[in-house]
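Let's walk through this one in a few quick questions and answers.

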Amino acid sequence: MEQSLENEILSKDLESLNCHQPCKDSPLVPADHLSLWLQKVPGWAITENQDPPKLHRKWTTTNFVTALDFVNKIGEVAETQNHHPDISIKGWNNVEVEIYTHSLNAIAENDFIIAAHINTLPVSIKRRRKKKKRT
C-alpha cells in the first residue's frame, strides 16, 4: 500500500465522522486495507470464513441489566448514524456486535465509523478473576 494512503487512513478521526448517507454510497474497504483500518478501532476483528466478512466484537458485562443498557446505547448510535449493526446478548451478560454494510454486502468505511462510535460508549466490563496458585 502506498504511504500516502496509509497516512490518510491512520489520520482519520472516525469518532468525529458521520456515516455516509445513503449507506450504499460508503466507500468499500478493500481486503488488503482491512488490517490498517482495524488499527483505528481497537478490540474489533474481522470474522473468519464468512461471506461477506464482517467487523466483530464481544463484551462481557457485569450483569444482564448492564448488557441490555449497552445494547440500547448501541441502538441509539445506530439510529443517529442510520447504520445498524447486528447485535445479540448471549447468555446473560455477553454482548456481540457484527457490522457490515448490508446494501453493499461488504465492509465499507461506514462500518469502521460506527465501530469507532460504539468504542466511545461507556460499559461496565466484567473483570476476570485471577486464579490463585496452589502451593
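Two strands pair if DSSP finds at least two bridges between them; strands (E, at least two residues) and helices (H or I, at least four) are DSSP runs, numbered from the N terminus. This is a predicted model, where local features need pLDDT of at least 70, side-chain atom pairs count only at pLDDT 80 or more, and totals for chains, interfaces and linings use all residues. Residues are numbered from 1 along each chain as its sequence is written, and side-chain values use heavy atoms, with hydrogens and water left out.

Q: In the hairpin of S3 and S4, which residue takes a positive phi?
A: S3 and S4 run antiparallel, joined by five bridges, and Lys 90 stands opposite Asn 94. Three residues lie between the strands, and the positive phi, near 70°, belongs to Gly 91.

Q: Which strand is joined to S4 by six bridges?
A: Trp 59 stands opposite Val 95 in S4. The antiparallel partner with six bridges to S4 is S2.

Q: How many residues of S4 are buried?
A: Buried means under 20% relative accessible area, exposed over 50%, partly exposed in between (1.4 Å probe, protein chains only). S4 is largely enclosed by the rest of the structure, because its buried residues number five of the six.

Q: How many residues of H4 are buried?
A: H2, S2, H3 and S4 are among what covers the buried residues of H4, with contact meaning heavy atoms within 4.5 Å. Phe 112 and Ile 118 are among those buried residues. H4 is mostly covered, the count being 10 of its 11 residues.

Q: Is Trp 92 buried or partly exposed?
A: Trp 92 sits in the loop between S3 (86-90) and S4 (94-99). Its relative accessible area is 46%, so Trp 92 is partly exposed.
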